Amino acid sequence: MLPCFLILFLFVVYPLGHTLYLSFCEYNFAFDPGPVFKGMTNYVNMFQDSKFLISVTNTLKFAFVDFILMMVISLLLALLLFFKGRNTWFFRTSIFMPIVVPASLVCIIFTWLLSKDFGLLNKFLVDGLGLPQLAKPWLTSEDTALWSLLSVNLWCNIGFETILFLSGLQSISPDILEAADMDGATGFRKIIHIILPNLSQTYIITGIWATVAALKVFVEPMVMTNGGPGSSTLVLYMYIYNNAFKYYDLGYAAAMAFFLSAMILLVSLINFRLNNRKG
């Protein structure tokens with residue numbers, strides 16, 4: 001057990017403990033000789049920082065919509081694959097494929113597709129459908145930038161969520177489904193009264209994964225918009241990164257990182273309690 005303990009201590013326990021200590025310190029690792037303990041100063045300053053408040057608002061807004069769409073769309077896709085039965089390997093592979101493509105590469109491609117001047121989406125809307133009023137500066141307008149990133153995030157992650165739901169559907173006992181058929185519970189009634197209630201444990205796994213993925217969004221705003229235009233796509237994870245590796249303020253970044261961890265833990269616990277109660 002000693003090698004496993006050493007690995008966990010070196011790469012999990014010690015970094016967490018040291019980061020917690022840094023969150024109570026003022027430490028610019030480029031210039032300061034060492035961290036200086038400042039108590040709760042970083043945590044107090046967070047709630048007086050307008051950019052921090054904007055990043056939290058953007059993160060929660062993004063996470064709320066992303067969570068709902070992720071759960072609903074992936075469940076619908078899983079149900080389609082489940083009832084389709086055999087010969088769905090092509091569709092399963094197609095749905096899952098985006099998860100294995102590097103996220104940074106996906107963002108570069110979508111930056112080109114969503115470009116205002118030479119993007120394929122606007123070209124299709126104008127030349128293909130003849131609807132120039134629908135063409136927009138998707139990534140350079142404060143009204144559409146965050147939601148454009150949301151669509152890319154969904155495209156990247158929805159395949160994994162679909163596979164999780166499909167595994168949950170396949171774990172339902174065939175005897176339960178056969179009994180439902182014999183009792184006349186078919187079609188939509190079968191889904192509502194038999195299948196969905198039997199996915200309570202799957203909701204916990206998929207809900208926590210969707211929550212963590214949404215609250216920790218980073219690659220899309222970093223690569224596609226760099227937090228702009230203005231601060232409309234500045235999310236908390238990106239603001240933590242900027243403070244740590246652009247401004248070298250490790251103490252402040254550590255405090256915000258623990259705040260983000262607390263957000264994820266709280267939402268995950270709420271999801272766990274709600275689904276356990278339903279189960």
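How many of the 279 residues of the protein chain, as a percentage, count as buried? The share is 39%, where buried means under 20% relative accessible area, exposed means over 50%, and partly exposed lies in between (1.4 Å probe, protein chains only).

The model is predicted: local features need pLDDT of at least 70, side-chain atom pairs count only at pLDDT 80 or more, and totals for chains, interfaces and linings use all residues. Residues are numbered from 1 along each chain as its sequence is written, and side-chain values use heavy atoms, with hydrogens and water left out.

**View 1. The whole chain.** The protein chain has 13 helices and two strands. Helices (H or I, at least four residues) and strands (E, at least two) are DSSP runs, numbered from the N terminus. The C-alpha trace spans about 75 × 60 × 35 Å along its principal axes. Among contacts with a separation of 6 or more, 66% are between residues 24 or more positions apart; contact means heavy atoms within 4.5 Å.

**View 2. Helices α7 and α10.** Two packed helices are described by the angle between their axes and the distance between the axes. The axes of α7 (residues 145–170) and α10 (residues 200–215) come within 9 Å and cross at roughly 170°. Axes are lines fitted to C-alpha atoms, for helices over the stretch in contact, and angles run from 0 to 180 degrees between N-to-C directions. The two helices are therefore roughly antiparallel to each other. Angles under 35 degrees count as roughly parallel, over 145 as roughly antiparallel, 65 to 115 as roughly perpendicular and the rest as oblique. Residues making the contact include F160, L164 and F165 of α7 and Y203, I205 and W209 of α10.

**View 3. F52 in the largest nonpolar core.** A nonpolar core is a set of buried Ala, Val, Leu, Ile, Met, Phe, Trp, Tyr and Cys residues joined through side-chain atoms within 4.5 Å. The largest one has 62 residues, of which F52, I195, M224, L236 and M256 touch the most other members. Leaving aside neighbours within four places in sequence, F52 is in contact with M46, F47, L236, Y239, Y252, M256 and F259.

View 4. The structure holds one salt bridge, defined as a side-chain nitrogen of Lys or Arg within 4 Å of a carboxyl oxygen of Asp or Glu. D127 forms the bridge with K123, and the closest N and O atoms are 3.0 Å apart. The two residues are four apart in helix α6 (residues 120–128), so about one helical turn separates D127 and K123. D127 counts as exposed at 53% relative accessibility, whereas K123 is partly exposed at 49%.

**View 5. Loops on either side of β1.** S23 is in the loop between α1 (2–22) and β1. S23 is buried, with a relative accessible area of 0%. Beyond four places in sequence, S23 touches G39, N42, Y43, G251, A254 and A255. N28 is in the loop between β1 (25–26) and β2 (36–37). With residues up to four places away not counted, N28 touches Y247 and Y248.

**View 6. Backbone details in two loops.** A cis peptide bond with omega of about -5° joins G228 and P229. P229 lies in the loop between α11 (219–225) and α12 (236–245). N226 lies in the loop between α11 and α12, and phi of N226 is near 55°, a positive value in a residue other than glycine. Y248 is in the loop between α12 and α13 (250–278); phi of Y248 is near 60°.
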